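The sequence and the structure are shown first.

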Amino acid sequence: MSDHYDDCVTEQGQGEPLVILIHGWSCQRTDWVQTLAAMPRDLHCLALDLPGHGEAQDKPWDDWTIEGLAKAVTEVADQKGARRLILVGHSMGGCVALEAARRWSGPVGVVLVDSFGLPYGDMDAETIASIEEPFKADFRGAMAGLVDNTTVAELDPEILEWIKARMSSGDPERLLPIWHNLLRWSPDGAFAEIKGPIVALNGEHISEAAQKRCAPYVQETILPGTHHFPQFEQPQAFAHALQQSMESIAPQLE
C-alpha cells in the first residue's frame with residue numbers, strides 16, 4: 001500500500017511489537033474502535049482498511065485474493081519500520097493475518113478472532129456454490145442474512161442494524177472477487193510455514209471440522225455469549241481476552 005493509503009489507518013502508541021488489527025470481509029477498521037479504546041495507551045496498535053474496504057474502497061489495487069490483501073498488511077508493517085508483529089484478524093481478517101504472517105520475515109504471532117466460522121479447506125464445490133451464489137444474486141439481502149445468522153440474539157438492535165448497513169454498503173465489484181477467493185482458500189500452507197504462536201478467540205459456533213483442522217496449530221479459547229462478532233457482542237470480555245492473548249504471545253517474539 002503506497003503513501004496515499006495513509007488516511008486508511010488508525011494508529012496509537014509506539015514501540016514493538018506492532019499490533020495490526022485486520023477487519024473481516026466487507027467490514028472496516030472502525031470495527032476496532034472499542035477494542036482500541038480498551039488497549040494500553042503505550043501499546044503500539046494499528047487498524048487499517050484493507051483494499052476494497054472502508055476508506056480504501058476506491059483506492060487502486062490489483063490483487064483481490066487473500067494473499068493479495070496480506071501483501072497490503074505487510075507493506076504497512078514495512079512502512080512503519082516494524083520488526084516484531086502481532087496480527088489480529090477478525091473473520092476473513094484472520095485468514096489475511098495467516099497469509100501475512102507466512103510472508104513476514106521477522107518474529108510474528110497471530111490472533112484469530114472467530115476466523116473459521118466457515119471450515120476453509122474442507123468445503124466441496126457444491127457447498128461453496130451454495131454460499132457464494134446468494135451474494136451474486138442479491139448482495140445486500142445476502143449480507144443482511146449473514147449478519148442475522150451470525151450474531152447473538154442479545155445484541156443491541158441498533159448495533160445489529162449498524163453492522164448490516166455498513167457491511168451491505170460495500171462495492172460488490174471489489175468484494176465478490178475476494179469472497180470467491182476466500183471460499184476456496186485453505187489455511188494448510190500458512191499453518192505449515194508459520195513458526196510463531198497462533199491463538200484463536202472463537203465464538204460458540206465453530207464447527208467440529210474447523211476445530212479439527214486448526215487444533216494442531218492453534219491454541220483456542222471460546223468466548224461465552226458470543227457468535228461471530230465478539231468485539232460488539234461482548235466488547236469488554238473480548239478486549240480482556242485479546243490483551244491476555246497478546247501478553248502471552250509477546251515474550252515468544254523476543
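## Backbone features in two loops

In this predicted model, Pro 17 is found in the loop that runs between β1 (9–12) and β2 (18–22). The peptide bond joining Glu 16 to Pro 17 is cis, with omega at about 0 degrees.

Ser 91 is a residue other than glycine with a positive phi, near 55 degrees.

## Packing of α2 against α3

Two packed helices are described by the angle between their axes together with the distance between those axes. For helix α2 (residues 66–79) and helix α3 (residues 92–103), the axes come within 8 Å and cross at roughly 65 degrees. Because angles of 65 to 115 degrees count as roughly perpendicular, α2 and α3 are described as roughly perpendicular to each other, and their crossing is right-handed.

On the α2 side, the contact is made by Ile 66, Glu 67, Leu 69, Ala 70, Lys 71, Val 73 and Thr 74, while α3 contributes Met 92, Cys 95, Val 96, Glu 99, Ala 100 and Arg 103. Sorted by class, this contact of α2 with α3 has eight nonpolar, one polar and four charged residues.

## Packing of α4 against α7

The axes of α4 and α7 lie 10 Å apart, and the two helices pack at an angle of about 175 degrees. Since angles over 145 degrees count as roughly antiparallel, α4 and α7 are therefore roughly antiparallel to each other.

In this contact, Ile 128, Ile 131, Glu 132, Phe 135 and Lys 136 of α4 meet Leu 176, Trp 179, His 180 and Leu 183 of α7. By class, the contact of α4 with α7 has six nonpolar, one polar and two charged residues.

## The largest pocket

The largest pocket holds about 400 Å³ of space. Its lining is made up of 24 residues, and those nearest the centre of the pocket are Leu 118, Leu 146, Thr 150, Trp 179 and His 228.

Which helices each supply at least two residues of the lining of the largest pocket? They are α4 (125–137), α5 (139–149) and α7 (172–183), and the largest share, three residues, comes from α4. In terms of residue class, the lining of the largest pocket has 13 nonpolar, ten polar and one charged residues.

Technical notes: Residues numbered from 1 in each chain as written. Predicted model: local features only at pLDDT ≥ 70, side-chain atom pairs only at ≥ 80, totals over all residues. Heavy atoms only, no water. 1 Å grid on protein atoms, 1.4 Å probe; cavity = no way out; pocket = protein on both sides within 12 Å on 5 of 7 lines; lining within 4 Å. Points joined across faces, edges and corners; volume = space filled by probe spheres on them. Helix = DSSP H or I, 4+ residues; strand = E, 2+ residues; numbered from the N terminus. Nonpolar A, V, L, I, M, F, W, Y, C, P; charged D, E, K, R; others polar. Axes fitted to C-alpha atoms, helices over the stretch in contact; angles between N-to-C directions. Parallel < 35°, antiparallel > 145°, perpendicular 65-115°, else oblique. Left-handed = near helix turned anticlockwise from the far one by under 90°. Contact = heavy atoms within 4.5 Å.
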